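The structure comes first, and the notes follow.

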Amino acid sequence: MGTLLDQKYEKLFSLLDANADGVISQDDFELMGGRVLAAFGEEQTAKGKKYAEEMMNYWRALQETADADGDGRIDKSEFQQALHQLSANFDTLIGPLYSAGFHLADRDDDGLVGKDDFITVLVGIGVPPGEAEAAFDRLTDQDGHLAKDRLMTAAAQYYGDEDPANSASHLLFGAL
């Protein structure tokens with residue numbers, strides 16, 4: 001695993017450790033998901049329930065792959081060792097969460113996400129607002145909206161792309 005990928009996994013670990021206790025657990029996923037849903041007021045809607053479901057699916061996939069000692073907590077070492085394996089199955093294990101997050105942020109169901117809604121999701125998962133705005137700007141063209149395919153490509157690349165020139169993917173969650 002190269003240096004850039006290590007940095008991206010370090011950033012992702014810090015975001016997934018939503019309560020900042022040094023490990024990732026189900027509580028972190030519930031906390032993070034709850035913040036995002038509350039920001040949109042979607043806790044009881046179909047979109048909100050789908051997002052919460054996919055957060056837990058991601059947690060279970062991560063736990064099954066990474067929790068080597070079975071204690072319900074994933075430390076940084078366990079996380080980095082397992083993320084490569086999960087990344088190989090992005091479309092089935094990780095992608096559905098990004099898809100659900102996109103649909104949650106696509107408030108008018110037009111297939112596009114605007115800047116404010118994108119920032120709301122990223123801030124909800126712990127990305128500073130300025131970094132969330134910069135990530136949106138890197139992902140969009142001149143139209144000022146984000147299409148789902150563009151987000152899904154960037155998210156998939158975040159987990160495996162080591163090309164430093166691809167800032168749209170490796171800065172998806174803000175500065176490394």
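Phe-90, Tyr-98, Tyr-158, Tyr-159 and Phe-173 are joined into a cluster by ring pairs. The model is a predicted one. Tyr-158 also takes part in another kind of contact: the charged end of Lys-8 sits over its ring, 5.4 Å from the ring centre.

Over the whole structure, a search gives 10 aromatic pairs. A pair of aromatic rings is described by the distance of the centres and the angle of the planes. For the pair formed by Phe-29 and Trp-59, these values are 5.6 Å centre to centre and 45 degrees between the planes, and the pair is tilted. Phe-29 and Trp-59 are both buried.

Helix H3 also crosses helix H4 (residues 76-87): their axes come within 9 Å and cross at roughly 110 degrees. H3 is therefore roughly perpendicular to H4, because an angle of 65 to 115 degrees falls in that class. The crossing of the two helices, H3 and H4, is right-handed. On the H3 side, the residues in contact are Tyr-58, Ala-61, Leu-62, Thr-65 and Ala-66; on the H4 side they are Glu-78, Phe-79, Ala-82, Leu-83, Gln-85 and Leu-86.

Helix H4 also holds Gln-81. Gln-81 counts as exposed because its relative accessibility is 63%, and the cut-off for exposed is over 50%. The C-alpha atom of Gln-81 is separated by 15 Å from that of Lys-11, and the two residues are 70 residues apart along the chain.

Most residues other than glycine have a negative phi. Ala-20 has a positive value, and so does Asp-109, which is not a glycine either. The table lists both.

| Residue | Phi | Loop | Relative accessible area |
|---|---|---|---|
| Asp-109 | about 55 degrees | between helix H5 (90-105) and strand E3 (112-114) | 54% |

Terms used:
Residues are numbered from 1 along each chain as its sequence is written. This is a predicted model: local features need pLDDT of at least 70, side-chain atom pairs count only at pLDDT 80 or more; totals for chains, interfaces and linings use all residues. Side-chain values use heavy atoms; hydrogens and water are left out. Rings of Phe, Tyr and Trp (its six-membered ring) pair if their centres lie within 6.5 Å; planes under 30 degrees apart count as stacked, over 60 as edge-to-face and the rest as tilted. Buried means under 20% relative accessible area, exposed over 50%, partly exposed in between (1.4 Å probe, protein chains only). A charge sits over a ring if NZ of Lys or CZ of Arg is within 6 Å of the ring centre and within 35 degrees of the ring normal. Axes are lines fitted to C-alpha atoms, for helices over the stretch in contact, and angles run from 0 to 180 degrees between N-to-C directions. Helices (H or I, at least four residues) and strands (E, at least two) are DSSP runs, numbered from the N terminus. Angles under 35 degrees count as roughly parallel, over 145 as roughly antiparallel, 65 to 115 as roughly perpendicular and the rest as oblique. A crossing is left-handed if the near helix is turned anticlockwise from the far one by less than a right angle, and right-handed if clockwise. Contact means heavy atoms within 4.5 Å.
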